[in-house]
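I opened the model to look up its cores, its surface and its aromatic rings. My entries follow in the order I made them.

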Amino acid sequence: MRRRFGRYGLRFAVLAYLALLVLVPVGFIVGRAFAPGFVAAWHDLANPGGAPSGPFVHALVLTILVAAIAVPLNAAFGVTVALLLARHRFPGARVLDAAIDLPVAVSPVVVGLALVLVYGKGGWFGNWLIGHGIQIIFSVPGIVMASAFVAIPYVARSVLPVLQEIGDDQEQAAETLGAGPWQIFWRVTMPSIRWGLAYGVTLTTARVLGEFGALSVVAGNVSGHTQTLTLYVGGLFDQDFDTVGADMGAVILAAFTLIVLAVLSLSGSEKEKGVRSWRSRFTTSRSASATSSL
């Protein structure tokens, strides 16, 4: 009886904690966003106070553009770093391993300020860049850099344990059979890490789409020019006091992440019928890892 009570009590505590921190706040935002109706909520988001929809459309397009650039860059960087740490021993490996988690350890506002001090006017490289007609801060490159910086750890930390778990026996066997580095990577390594990569890409996408702190420093928040959707929604809430429009914007940002999650889940289920989804597959044991042949 005590064991059963402890088991159900632990489950209740976990679910209650999750509900208080995630489900209730998110549900409250969704409910309040659609309370006046979808059309009215959309009008408050796209045309606050009767304003034209140009700034909203630009913010939406800029957000998608930044994600389309930053997420693949972080995916390539994360896989490369994970391969270096899992397959090679070199001086400074521990420093690199620790540096990956730096964006999680520092405030996003500090990240934005650091980028300004390095690439802004009067910064280390800022004057040289501006002199050659290249503007980083208060432009799209700075927004991409800030978004990519805060999301650096997710792909690397998702792929690294998978590489360590599966080992390099298959890769060595492929090399013995005459396969080149790219053949080994695409035909042996990539199929084994695809679930970890999918998990990391999903986390990276969510982080990039929802970034606010670093962008508030490096973007300049110029409506119709350097204003992402998060900054646009923040402006509705802080400056225009348009809570309905801000809630609707938050719902759209959450929907983007859910769409990415659904696409990855559906693609995985279509390719491998009857196999668990990538959310549980990415930590699977070596014996259950997917294999491929040359």
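This is a predicted model: local features need pLDDT of at least 70, side-chain atom pairs count only at pLDDT 80 or more; totals for chains, interfaces and linings use all residues.

**Entry 1, the cores.** I found that the largest nonpolar core has 44 residues. Inside this core, the residues with the most contacts are Val159, Leu163, Ile193, Leu197 and Val208. I then listed the elements that give two or more residues to this core: helix 3, helix 6 (108–119), helix 8 (140–150), helix 9 (153–166), helix 11 and helix 12 (215–218). Helix 3 supplies the largest share of the core, 11 residues.

I picked Leu197 and looked up its contacts, leaving aside residues up to four places away in sequence. Leu197 touches Ala75, Val79, Val155, Val159 and Met190. I also noted a second, separate core, which has 14 residues, including Ala41, Ala59, Tyr232 and Ile252.

I counted 15 helices and zero strands. Of the 294 residues in the chain, 38% are buried. For contacts with a separation of 6 or more, I found that 73% join residues 24 or more positions apart. The chain exposes about 16600 Å², and carbon and sulfur atoms supply 68% of that area.

Is Asn74 buried or exposed? I looked it up: Asn74 has a relative accessible area of 4% and is therefore buried, as buried means under 20%. Asn74 is found in helix 3, which spans residues 54–87. Not counting residues up to four places away in sequence, Asn74 touches Ala148, Ala151, Ile152, Val155 and Thr204. I noted that Val155 is also on the contact list of Leu197.

I looked for nonpolar side chains on the outside and found a nonpolar patch with about 1200 Å² of accessible area together. Its members include Tyr17, Leu18, Phe34, Phe38 and Trp42. Helix 1 (2–34) and helix 2 (38–46) each supply at least two residues of the patch. Helix 1 gives the most, with nine residues. I checked Trp42, whose place is in helix 2.

**Entry 5, the rings.** I counted five aromatic pairs. Tyr119 and Phe125 form a tilted pair, at 6.1 Å centre to centre and 40° between the planes.

I then took the pair of Trp182 and Phe185. Their ring centres are 6.3 Å apart and their planes stand at 90°, so the pair is edge-to-face, the cut-off for that being over 60 degrees. Trp182 and Phe185 both lie in helix 11 (residues 181–210), three residues apart, about one turn of the helix. How do the two differ in cover? Trp182 counts as exposed, at 63% relative accessibility, whereas Phe185 is buried, with a relative accessible area of 16%. I also recorded that ring pairs link Trp182, Phe185 and Trp186 into a cluster.

Terms used. Residues are numbered from 1 along each chain as its sequence is written. Side-chain values use heavy atoms; hydrogens and water are left out. Helices (H or I, at least four residues) and strands (E, at least two) are DSSP runs, numbered from the N terminus. Buried means under 20% relative accessible area, exposed over 50%, partly exposed in between (1.4 Å probe, protein chains only). Contact means heavy atoms within 4.5 Å. Accessible areas come from the Shrake-Rupley method with a 1.4 Å probe; for residues, only the protein chains shown count as cover. Patches are made of residues with over 30% relative accessible area and no salt bridge: like charges are joined within 9 Å, nonpolar side chains (Val, Leu, Ile, Met, Phe, Trp, Tyr) within 5 Å. A salt bridge is a side-chain nitrogen of Lys or Arg within 4 Å of a carboxyl oxygen of Asp or Glu. Rings of Phe, Tyr and Trp (its six-membered ring) pair if their centres lie within 6.5 Å; planes under 30 degrees apart count as stacked, over 60 as edge-to-face and the rest as tilted. A nonpolar core is a set of buried Ala, Val, Leu, Ile, Met, Phe, Trp, Tyr and Cys residues joined through side-chain atoms within 4.5 Å.
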